[in-house]
Amino acid sequence: MKKSIINRSLSLVFAPLLLSAGMVHAAQVEAYYLVEEIPIEMANGLAEANSSFNVTAVSEDGEYVAGNALTFRNPFRFYDFSDRTSFDYGCQYAVEVCDLFFEGDNSFYGTYRHRLFNQASVLYKSNVLAFIAQRNVTGAHLNGTNSEIPTWDTVNDKLFIFDDSSQQTYTTDTRVNRINSSLGWAVGYDSAPFSNGSSSVYTREFIQRGFALRLSDDAKITLLPTPFSSDGQLSSDKGGVSSGLQVIQKDGKTLVIGLSSVSYSNSDSFGECQTGDQDYYYRCSGFNTQAWVWDITNADDGDAVEGVPLVEGYVRSQYGDAPNYNFIKDYNSHADIFVGISSDDVYDSTTGSRGRAVFYSANDDGSYSLNQIPNINIGGDSADFEDSVSHTWANAVNDAELMVGNLRYTQVKSRNRPVEAFVYDNDQASSSYQQVVWPLRDLPFNGANSEFSDINNDNLIVGWVDADGEEQPSYSGTTRRQSAILLDFDRYKNGESTYNWSLNSLTCYEQDGQPRMPLYRIEYASQILDDGTVYASGYHYETPDDLIHGVNPRPVLLRLERNPVVTDINDIASCPMLEEASYERQGAGVSWFGLLLLPLIYVRRFKKR
């Protein structure tokens, strides 16, 4: 693969914070997770990201990582034009805050309008920037436990699919959804570049096309949507939309699984979606989309491949003006099951499309059936389900057919419209077959947020929850800061009192009886590999003072590797939560803020070379 990385080592920050002045010299307790930062340099197309960095895909062996940088103001941190759950639920914060996100230059609606409309005299600039980084380690540094931590090369180039790298202005929005390093492919979508030809009006050929990128030689394959106009030409359909979501091998073939537009949802939805008006976002993308399959086994660089439906028709039909859609988020080859979300017609409202968590199971003849995950309700009361819930969706599935997903409310619950995380057991041999459980519902208080993003084959789950101390009302108020978590589902099922941990606490350690931690606030854990490696996003702070007050953050992408010398998660350092005002240990209370007056040792500053 032509690397988009340069051979530059980075002096990675792992600046331990002295948290206690106790004189006890206890045995050293190492961190459960060691931190690697994936360094991003804002150059060569990776423009300033407004603090919105996210990991979007990790290969199964952890060698490749893909991410997004969003350059516009928006409350939708995981915004994906193809995924309705990421942007059509509205803004629940104060009107003034929402206006800052949505209106004016560099706002969400302004950017959305410019992306979808034909341009006039101002050329559209890329606002969703993707990159792929290979874990090419060229050095190492020491943390406070004298453990060597690898240093990644710096990622300093955006991913070019349909855009021209020779142009000074990049005009496409790109996303990588999945990387399969054993098959050698990454898949996702890109928009068409804008050009003005001989006229003064900028235009483009299509809104969005799926792609497959071969890692070995950078070959690019276009995944065509199906034409549906009377003349059979895609240009008559305003280009249509498609997206590559998974890449699998089946029956000796390399297949991309994704979505394709198949029709307009109605005659007006396409144009009204593109106005960028908040009231019309439930009509986006304006197309009915279907789960699709493209065979790229013999495809080569520059080829455009047509596909076929994954499933025949929809289990549920559209409602009102919202389009039909299926969206696949994960695949398990062991059980031959996809999981994701499908449209539903249970409720007609502009506040959401009423998507429902589903799984796609293989039939004996090689086809797939679409199945709604059963028994998802709100607090056991299904009578209020239709009016209170915007979406449910499944994010991941493991070999045991445990599926993790989330439910988003559209009604206010304790002055918040929360997301709540669930686990569903689809293993027919299991004693809890077809059960849905909510390990973090209403914890630590009614209306709290919890969200699961991934599960591995050891039944370890990652996601995020409201950070400690974030108990203020959110609806018409302010956003709650999130904290990345690790949850052991087996411990939860066995009734153990401790079954989930903050990832911030799992990077803390003790040295000479003193707890220390790196100056990172880990907020969103998006992937976990079978060896326990976690990929997450968050912020780094230059000083302990900045960390405590949450000011002057630098957005970062992180790889958390299991420390091989720590085998028992019960034997971890005793460290305070980031939001606690004081720290009690061994009978002595120490003011955390007062510790800022103590000497700061083992601090290594972030430097660029």
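Pro444 sits in the loop between strand E25 (436–437) and strand E26 (450–455). Strands (E, at least two residues) and helices (H or I, at least four) are DSSP runs, numbered from the N terminus. The peptide bond between Leu443 and Pro444 is cis, with omega about 5°. Most peptide bonds are trans.

The model is predicted: local features need pLDDT of at least 70, side-chain atom pairs count only at pLDDT 80 or more, and totals for chains, interfaces and linings use all residues. Residues are numbered from 1 along each chain as its sequence is written, and side-chain values use heavy atoms, with hydrogens and water left out.

The protein chain contains 7 helices and 36 strands. Of its 609 residues, 60% count as buried. Buried means under 20% relative accessible area, exposed means over 50%, and partly exposed lies in between (1.4 Å probe, protein chains only). Among contacts with a separation of 6 or more, 64% link residues 24 or more positions apart. A contact means heavy atoms within 4.5 Å.

Pro444 also belongs to the lining of the second largest pocket, where it is one of the residues closest to the centre. This pocket holds about 400 Å³ of space. It is lined by 20 residues, and Val465, Asp466, Asp468 and Asn500 join Pro444 in the group closest to the centre. Strand E27 (460–466), strand E28 (482–488) and strand E29 (500–502) each give two or more residues to the lining. E29 gives the most, with 3 residues. By class, the lining has 10 nonpolar, 6 polar and 4 charged residues. Ala, Val, Leu, Ile, Met, Phe, Trp, Tyr, Cys and Pro count as nonpolar; Asp, Glu, Lys and Arg count as charged; the others, Gly among them, are polar.

Pockets and cavities were found on a 1 Å grid over the protein atoms alone. A cavity is a set of points where a 1.4 Å probe fits but cannot get out; a pocket is an open set with protein on both sides within 12 Å along at least five of seven lines; lining residues have an atom within 4 Å of a point. Points are joined across faces, edges and corners, and a volume is the space filled by probe spheres set on them.

The structure holds 5 cavities of 30 Å³ or more. The largest cavity has a volume of about 120 Å³. Of the 14 residues that line it, Phe81, Ser82, Ser285, Thr289 and Tyr325 are the closest to its centre. Strand E15 (287–295) and strand E18 (326–332) each supply at least two lining residues. This lining divides into 8 nonpolar, 5 polar and 1 charged.

E18 is also part of an open sheet of 4 strands, in the order E18-E19-E20-E21, with antiparallel pairing. Two strands pair if DSSP finds at least two bridges between them. E18 and strand E21 (368–372) are the edge strands, each pairing on one side only. Strand E20 (residues 356–362) is joined to E21 by 5 bridges.

Two residues other than glycine show a positive phi. Asp251, with phi about 55°, lies in the loop between strand E13 (242–250) and strand E14 (253–264). Asp251 is exposed, at 73% relative accessible area. Gln434 has phi near 65°. Its place is the loop between strand E24 (419–425) and E25. Gln434 is partly exposed, at 34% relative accessibility.
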